[in-house]
Amino acid sequence: MSKIILITHQKGGVGKSTLTFNLAQNICKDAKVAVIDFDLQGSLCQLKELVNGFDMIPYSGEIDILETLNYDFIFIDTPPYLSNHLAKLIQLADLIIVPTKAGILDLLAIKSTLELIEQESKANNTLIVFNMVKANTTLTLDILIGLEEYNVKIANTHISDLVAFTRSVLINGVRNDKNAQKQIDNLTKEVLTNLI
Ligand SMILES: Nc1ncnc2c1ncn2[C@@H]1O[C@H](COP(=O)(O)OP(=O)(O)OP(=O)(O)O)[C@@H](O)[C@H]1O
Ligand SMILES: [Mg+2]
């Protein structure tokens, strides 16, 4: 059975597609990987021709297709709204990654996504990942307050705001930037640990 990793957050521009791409790119060195783009505007799928090492599959309108696909890992990128399919995708997912920026307004925006996850009893399978963290920022406790009422995990790995990530989808990842690659390696380890 494929392990399904859903990357979701109703807010736009938090790095769902960027993290989906980089995690898939990293994991596909040792495994058979597909990315399914549930974003009908399909930004990731537009890069299909540039992708090496994993399959990029546009959403066909059939959620049930997920159960028939034969991959080690299937990553699902989602659009920046709570789509009709989201509850079903949350149910099917082995791990749900919710990327967020570290601002107060970003964390307020996360709540409707987390409430949907809680309704589907999947908080235990959810990992919040701080993305685009500015240099010399420490994430203070006040940022995390409000998250504790949901029983979700917070990734130890923080992904920095780096040009390497902006470019990564064009050049098959971040291997040219040691710092960025180390962060994605660490996040990959956390993802795999959470899938056991
Ligand atoms: N860690 C990062 N460092 C620098 N830039 C980043 C990082 N993560 C994402 N970005 C940039 O931020 C922008 C938004 O990222 P991305 O498209 O991945 O977000 P998204 O959540 O998928 O957005 P949408 O909801 O609109 O699909 C892009 O220009 C991307 O290159
Ligand atoms: Mg996106």
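Visitor: Which residue forms a salt bridge with Lys11, and how far apart are the closest N and O atoms?

Guide: Side chains of opposite charge can pair when their charged atoms come close. In this predicted model, the partner of Lys11 is Asp106, with the closest N and O atoms 3.3 Å apart. Lys11 sits in the loop between β1 (3-7) and α1, and Asp106 in helix α3 (residues 104-109), so the bridge ties together parts that are 95 residues apart in sequence.

Visitor: Are Lys11 and Asp106 buried or exposed?

Guide: Lys11 counts as partly exposed, at 29% relative accessibility. Asp106 counts as buried, at 12%.

Visitor: How many salt bridges are there?

Guide: The count comes to four. Among them is the one between Lys88 and Asp64, at 4.0 Å from N to O. Lys88 belongs to helix α2 (residues 86-92) and Asp64 to the loop between β3 and β4 (73-77), so this pair ties together parts that are 24 residues apart in sequence. Both ends are partly exposed: Lys88 has a relative accessible area of 31%, and Asp64 one of 43%.

Another of the bridges joins Lys111 and Glu149, at 3.7 Å from N to O. This pair links distant parts of the chain, 38 residues apart: Lys111 is in helix α4 (residues 111-119), and Glu149 is in the loop between α5 (141-144) and β7 (153-154). Lys111 is partly exposed at 26%, whereas Glu149 is exposed at 55%.

Visitor: What is the nearest side chain of opposite charge to Lys16, and how far away is it?

Guide: It is Asp77, 6.3 Å away. Lys16 is in helix α1 (residues 16-27). Its contacts beyond four places in sequence include Ile7, His9, Lys11, Asp77 and Pro99.

Visitor: How many disulfides are there?

Guide: The count is zero. Cys28 is in no disulfide, and its nearest cysteine sulfur, that of Cys45, is 15 Å away. For Cys45, the closest cysteine sulfur is likewise in Cys28, and that distance is too far for a bond. Cys28 is buried at 13% relative accessibility, and Cys45 is buried at 15%.

Visitor: Which residues make the nonpolar surface patch of about 270 Å²?

Guide: Leu50, Leu170 and Ile171 make that patch. Leu50 lies in the loop between β2 (33-37) and β3 (55-58). At 40% relative accessibility, Leu50 counts as partly exposed.

Key:
Residues are numbered from 1 along each chain as its sequence is written. Chains are lettered from A and ligands numbered from 1 in the order in which they are written. This is a predicted model: local features need pLDDT of at least 70, side-chain atom pairs count only at pLDDT 80 or more; totals for chains, interfaces and linings use all residues. Side-chain values use heavy atoms; hydrogens and water are left out. Helices (H or I, at least four residues) and strands (E, at least two) are DSSP runs, numbered from the N terminus. Buried means under 20% relative accessible area, exposed over 50%, partly exposed in between (1.4 Å probe, protein chains only). Lys and Arg count as positive and Asp and Glu as negative; His and the chain ends are not counted. Contact means heavy atoms within 4.5 Å. Patches are made of residues with over 30% relative accessible area and no salt bridge: like charges are joined within 9 Å, nonpolar side chains (Val, Leu, Ile, Met, Phe, Trp, Tyr) within 5 Å. Accessible areas come from the Shrake-Rupley method with a 1.4 Å probe; for residues, only the protein chains shown count as cover. A disulfide is a pair of cysteine sulfur atoms within 2.5 Å.
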